[in-house]
Amino acid sequence: MENLTAVRHYLHQNPEISQQEYNTQKYILSLLEPLKPDRLEKIANTGIIACFYGTAPGKNILLRADTDALPILETNTDLSYNSKTAGVSHKCGHDGHTTIMYGVAGHYAKQRPEAGNVYLLFQPAEENGWGARNVADDPFFKSLDVDMVFALHNLPGFKKHKIVCKTESFTSSVVSIAAYFKGYTAHAAEPWNGKNPAAAMSSFMLQTLQLNMENKPEYITITPVYMEMGEKAYGVSAGEGSVHLTIRADNNQRLNDTIAKAKTIASGLARQEGLQVNFEMIEPFESNQNHPDAVAIIHKAADENQLEYENLNEGFRFGEDFGVFTNLFPGAMFGVGSGENCKPLHHPEYDYPDEITQTGIKMFIEIQRKAQ
């Protein structure tokens, strides 16, 4: 545990944001190479897969940890391992998740799986939604014969070491949508000579908010996040602007239906006001749809490890790109409680609790066994 904690603290001190995890990749490789996995490959530019082959045929299991940090200034004053990178820190616990997976690798280095192969994925770029997509498109990943996939996330607000899970939607399907309205400028004294997007932008915001829906466990949550229009030139009537929203839903189909409705609203308003409108989809996350068989395996693994288990009634509203994998293969994501008093994820004072590292390691090892 002392070695694992040192690894976690090193990662915490040296965070890197999504798609920039070059030094993190180098450090993880330096840890994994002495373990002599049966195959060790770089993947999706800054990711890694370590393969440990079973001593007998069986199901091939992918276990995933995320490695990226966040562009958040750390404000903790009581840590001996504060981030050394200004404005960047591990405020989602990916330093802990990576350490857990390193611990799993250490186990399989000493004792290969009894049946089936284990693929340990150290995945980059979870926070912007592109890491899992890039891994899924990687030729080496496509060459793997994956039967089931599993991942965990530490969860503040839950008792330490408690395992939490549910079937179907575990995390939201999420995307940020930017609607760019374009007209043309005019003198502010004669705004009728231009095409100002203010009315269309305001109506778009109000009408899309009407699409919010709560019919638990079904939901649609639309959140305005950013707007811009024109310039600080008080003699000019603005000619263009944009509205940025996040849209999240309990499943991918509901999200896609809501996106289509939002685009229809924007396009109708643009025609009405004589404007052009274009759209950009930013940081997409597919919903984690937990397979019942995978959830049953997680529950059995928790029981085997004598860990408290909670079956959730509702999924989480945050996005998690592991949904790419649970939509490709049977699998599931589960949570490990990081304490009722732990700061929330993405809080500037959040810190992953090292006590739960062994819990994560034991869960992954037992999940692989139960999956056979």
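**Close-up 1. Helix 6 packs against helix 7.** Helix 6 (residues 198-209) and helix 7 (residues 252-273) pack at an angle of about 155 degrees, and their axes are 9 Å apart. Helices here (H or I, at least four residues) and strands (E, at least two) are DSSP runs numbered from the N terminus. Axes are lines fitted to C-alpha atoms, for helices over the stretch in contact, and angles run from 0 to 180 degrees between N-to-C directions. Helix 6 and helix 7 are therefore roughly antiparallel to each other; angles under 35 degrees count as roughly parallel, over 145 as roughly antiparallel, 65 to 115 as roughly perpendicular and the rest as oblique. Ala199, Ala200, Ser203, Phe204, Gln207 and Thr208 of helix 6 meet Ala262, Ile265, Ala266, Leu269 and Glu273 of helix 7, where contact means heavy atoms within 4.5 Å. By class, this contact of helix 6 with helix 7 has 7 nonpolar, 3 polar and 1 charged residues (Ala, Val, Leu, Ile, Met, Phe, Trp, Tyr, Cys and Pro count as nonpolar, Asp, Glu, Lys and Arg as charged, and the others, Gly among them, as polar).

A word on what you are looking at: this is a predicted model, in which local features need pLDDT of at least 70 and side-chain atom pairs count only at pLDDT 80 or more, while totals for chains, interfaces and linings use all residues. Residues are numbered from 1 along each chain as its sequence is written, and side-chain values use heavy atoms, with hydrogens and water left out.

**Close-up 2. Helix 1 meets helix 3.** The axes of helix 1 (residues 2-13) and helix 3 (residues 94-110) come within 9 Å and cross at roughly 145 degrees. Asn3, Leu4, Val7, Arg8, Leu11 and His12 of helix 1 make the contact with Asp95, Gly96, Thr98, Thr99, Tyr102 and Gly103 of helix 3. By class, the contact of helix 1 with helix 3 has 4 nonpolar, 6 polar and 2 charged residues.

**Close-up 3. Threonine 357 sits in helix 10.** Helix 10 spans residues 357-370 and holds threonine 357. This threonine 357 is buried, with a relative accessible area of 1% (buried means under 20% relative accessible area, exposed over 50%, partly exposed in between, with a 1.4 Å probe and protein chains only). Not counting residues up to four places away in sequence, threonine 357 touches Met1, Leu4, Thr99, Ile100 and Tyr352.

**Close-up 4. Phenylalanine 334 belongs to the largest nonpolar core.** That core has 50 residues, and those with the most contacts inside it are Leu120, Phe150, Ile298 and Phe334. A nonpolar core is a set of buried Ala, Val, Leu, Ile, Met, Phe, Trp, Tyr and Cys residues joined through side-chain atoms within 4.5 Å. Beyond four places in sequence, phenylalanine 334 touches residues including Ala151, Ile163, Phe170, Ile298 and Met363.

**Close-up 5. Alanine 136 lies in helix 4.** Helix 4 covers residues 131-136, and alanine 136 counts as buried at 15% relative accessibility. Alanine 136 and leucine 328 are 192 residues apart in sequence and 9.0 Å apart in space, C-alpha to C-alpha. Leaving aside neighbours within four places in sequence, alanine 136 is in contact with Phe141, Lys142, Val324 and Leu328.

**Close-up 6. Look here for backbone details.** A cis peptide bond joins lysine 216 and proline 217, with omega about 10 degrees. Proline 217 is found in the loop between strand 9 (213-215) and strand 10 (218-229). Glutamine 19 has a positive phi of about 70 degrees although it is not a glycine, and glutamine 19 lies in the loop between helix 1 and helix 2 (22-32).
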